Amino acid sequence: MKLSIWFIIGILLFSCRSENKLEEQIDSLNQTYFPDNNSDNWDTISLNELNWNTAELQPLLDYLEEKNTKGFIILYDGRIVVENYFNNHSVNSNWYWASAGKTLTATVAGIAQDNNLINLDEKVSTYLNKNWTSIPIEKENLISCENLLNMTSGLDDSLGDSISPNNLKYVADANSRWAYHNVYLKMQDVISTASKKTFENYFENNLKDKIGMTGYWVKLNNLNVYWSSTRSMARFGLLIQNNGKWNDTQIVSEDFINKATNTSQNINKSYGYLWWVNGKTSYQLPQSQFKFNGSLIPNAPDDLFCALGKNDQKIYIVPSKKLVIVRMGASADSSNFALSNFDNNLWEKINTLIN
């Protein structure tokens with residue numbers, strides 16, 4: 001009789017431990033996962049666990065390869081669901097972010113403001129010497145740091161990428177005109193001046209190293225372009241998807257991320273602080289003052305926001321679906337500055353996989 005009682009007690013204890021372990025596993029899957037900063041290991045989750053359409057994966061991968069993709073990752077709540085490399089690319093290969101890297105500058109600006117080094121509402125000439133443009137000083141003083149981040153400086157966008165004073169000419173007052181302009185790079189100068197460090201050094205200490213990114217900046221003519229692995233791009237996307245928090249550390253304030261990834265001005269509703277925003281009623285594109293009606297990427301979820309770079313460098317973030325999707329490579333079709341038909345076509349393929 002005693003043996004039977006102890007046997008029953010043992011079964012109950014084992015059952016409780018098993019249930020506790022199962023609950024812990026379920027809890028861990030319900031929490032956003034972050035890869036270790038000092039390891040190449042990255043947790044995965046299968047298509048079957050997510051009830052995605054496994055039969056649609058290969059058609060998606062075939063399409064990506066056909067469209068000159070080099071690296072492609074889908075994260076669900078931080079875990080890798082899909083990771084593939086094409087066209088002689090690998091997990092350790094670096095590629096350029098192009099204008100998708102503008103979002104790095106925006107994020108570092110948010111960090112600098114959080115650290116009370118800068119104020120985005122302040123005029124740029126507070127941090128840079130006056131006459132950093134060639135426009136009248138009363139017009140120059142209208143240009144705030146925020147205007148650099150939301151592309152409403154009013155400076156002439158038709159004169160090329162140079163941001164020397166002679167090439168920064170007046171078209172309209174700040175806040176009255178949206179135009180895609182390389183003058184956003186002056187934000188890097190603002191951060192450097194305020195922090196008394198190079199922009200690259202401030203970026204490394206306050207963003208890159210804190211989330212385990214790799215990569216480097218390359219100055220090319222009038223540009224400053226970031227190069228990294230596809231996984232580093234995904235790490236950055238995961239930080240933003242988690243409202244600026246990495247594990248238990250707030251890298252950049254949630255308030256700033258909310259402002260950066262929503263409409264930032266009344267002219268181009270689909271633009272935040274160097275982020276593109278989906279689900280709005282209209283949008284403008286680089287090198288044009290034409291306003292297009294409708295959503296930026298009709299096939300994508302309305303709450304998507306994205307970093308878009310030349311020749312189809314992409315970071316898509318969809319908060320409602322806990323998704324970060326990264327695409328690196330050569331242009332899918334013809335060369336482009338940011339948005340292309342590829343975005344909408346790719347989302348048609350993604351939807352068949354995840355829905």
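## Exercises on a predicted model

In this protein, 61% of the contacts with a separation of 6 or more are between residues 24 or more positions apart, where contact means heavy atoms within 4.5 Å. The model is predicted, and local features need pLDDT of at least 70, side-chain atom pairs count only at pLDDT 80 or more, and totals for chains, interfaces and linings use all residues. Residues are numbered from 1 along each chain as its sequence is written, and side-chain values use heavy atoms, with hydrogens and water left out.

### Exercise 1. The overall build

Determine how many helices and strands the protein has, and what share of its residues counts as buried.

*Solution.* Begin with the DSSP runs, numbered from the N terminus, in which a helix (H or I) has at least four residues and a strand (E) at least two; the protein has 10 helices and 13 strands. Next, apply the cut-off for buried, which is under 20% relative accessible area with a 1.4 Å probe and protein chains only; of the 355 residues, 54% count as buried. Finally, the C-alpha atoms fill a box of roughly 100 × 45 × 40 Å along the principal axes.

### Exercise 2. Helices α3 and α6

Describe how α3 and α6 cross, and name the residues that meet.

*Solution.* Two packed helices are described by the angle between their axes and the distance between the axes. Axes are lines fitted to C-alpha atoms, for helices over the stretch in contact, with angles from 0 to 180 degrees between N-to-C directions. The axes of α3 (residues 102–114) and α6 (residues 186–195) come within 10 Å and cross at roughly 30 degrees. Therefore α3 is roughly parallel to α6, a term that covers angles under 35 degrees. As for the residues, T105, V108, A109 and A112 in α3 meet M187, Q188 and I191 in α6. By class, this contact of α3 with α6 has five nonpolar, two polar and no charged residues, where Ala, Val, Leu, Ile, Met, Phe, Trp, Tyr, Cys and Pro count as nonpolar, Asp, Glu, Lys and Arg as charged, and the others, Gly among them, as polar.

Methods
Angles under 35 degrees count as roughly parallel, over 145 as roughly antiparallel, 65 to 115 as roughly perpendicular and the rest as oblique. Buried means under 20% relative accessible area, exposed over 50%, partly exposed in between (1.4 Å probe, protein chains only).
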